[in-house]
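Dear colleague,

Please find the structure below for your review. A short account of the findings follows it.

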Amino acid sequence: MNRHIWLTRRSRINRKLEVKIRAGIKRLREEMAEISEEQKCIREGHRQVRKKFDKIEAEREQLWKETKSIQMQSAGIQVRLGLMAGIVKARAQNDYDLAAQLTQSLRDLLAKQNEQMH
């Protein structure tokens, strides 16, 4: 009889332990499912950030190209203005040879710029 009580008590302990283990496993599975869902959200967030970064990088590249183009145009305009100012000054000083040379330089520059544009 003593042995029977001991076995019954042991069985109850084993059952309690089994219930605790199953509850722990269930809780771990639920936590793993939550972690998996969080990881999906993080991956989606990374994907969206990467997409935005790529878009910003493309815009930056386009702006850089446009800025470079504007700089080139500005430099061309400065040269043309310099030649025009020289022509006006040469004419004011009645230096028609210099005015003719500067005018020809301006025509050559404009022709070269037109070729580059087309």
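A residue is called buried under 20% relative accessible area, exposed over 50%, and partly exposed in between (1.4 Å probe, protein chains only). By that scale, Glu57 is partly exposed, with a relative accessible area of 33%.

This is a predicted model, in which local features need pLDDT of at least 70 and side-chain atom pairs count only at pLDDT 80 or more, while totals for chains, interfaces and linings use all residues. Residues are numbered from 1 along each chain as its sequence is written, and side-chain values use heavy atoms, with hydrogens and water left out.

Glu57 forms a salt bridge (a side-chain nitrogen of Lys or Arg within 4 Å of a carboxyl oxygen of Asp or Glu) with Arg60, at 2.8 Å from N to O. Arg60 also pairs with Glu61, their closest N and O atoms being 3.5 Å apart. Another salt bridge links Arg22 and Glu18 at 2.8 Å, N to O; Arg22 is exposed at 57%, whereas Glu18 is partly exposed at 39%. The count of salt bridges comes to 5.

Leaving aside residues up to four places away in sequence, Leu109 touches (heavy atoms within 4.5 Å) Val79, Arg80 and Leu83. With the same exclusion, Gln113 touches Gly76 and Arg80; Gln113 is buried, at 17% relative accessible area.

Yours sincerely
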